[in-house]
Amino acid sequence: QVQLVESGGGLVQPGGSLRLSCAASGFTFSSYPMSWFRQLPGKERELVASISTVGGTTTYADSVKGRFTISRDNAKKSVRLQMNSLKPEDTAVYYCKTRILGNHYWGQGTQVTVSS
């Protein structure tokens, strides 16, 4: 079965960095685009970044452009989100996500808290 497992969240001070990772299993990872979403307290999930199957195309939410970088390693079946210059408004639960044959699959999420 499809599994997505995030890691790397935590508490960081404003201006700091974190790197999130998502380990995938149960499907042909290299055949599907991958995305990172986040859910801020009291709000709906929003798209943060996405990456194409071989990583040649990436897209970002305007709020994270220039600060976050999405990448993938198809050999290791993983996707990462490097987050720099973090702001308190980046505080959220971050989710890894893919879509296979019309079905959406999510990880369990990892909490990122940006606070001094």
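Visitor: Does Asp90 count as buried or exposed, and at what relative accessibility?
Guide: Happy to start there, and please keep in mind that this is a predicted model. Buried means under 20% relative accessible area. Asp90 falls under that cut-off, so this residue counts as buried, with a relative accessibility of 1%.

Visitor: Where is the place of Asp90?
Guide: Let's look along the chain. Strand E8 covers 78-83, and Asp90 comes in the loop between that strand and E9.

Visitor: Which side chain is joined to that of Asp90 by a polar contact of 2.9 Å?
Guide: Good one to trace in the viewer. The Asp90 side chain also reaches a backbone nitrogen, that of Lys87, at 2.8 Å. Leaving aside neighbours within four places in sequence, the contacts of Asp90 include Phe68, Ser85 and Val112. The side-chain partner in the 2.9 Å polar contact is Arg38.

Visitor: Which residue does a disulfide join to Cys22?
Guide: A pair of cysteine sulfur atoms counts as a disulfide within 2.5 Å. Here the S to S distance is 2.2 Å, and the count comes to 1 disulfide. The partner of Cys22 is Cys96.

Visitor: How many residues apart in sequence are the parts that this pair ties together?
Guide: Cys22 and Cys96 are both buried, and their link is left-handed, with -80° about the S-S bond. Cys22 belongs to strand E3 (residues 18-25) and Cys96 to strand E9 (residues 92-100), so the parts tied together by the pair have a sequence separation of 74 residues.

How values were computed. Residues numbered from 1 in each chain as written. Predicted model: local features only at pLDDT ≥ 70, side-chain atom pairs only at ≥ 80, totals over all residues. Heavy atoms only, no water. Helix = DSSP H or I, 4+ residues; strand = E, 2+ residues; numbered from the N terminus. Buried < 20%, exposed > 50% of the residue type's maximum accessible area, 1.4 Å probe, protein only. Polar contact = N/O pair within 3.5 Å; in protein donor to acceptor, adjacent residues only side chain to side chain. Contact = heavy atoms within 4.5 Å.
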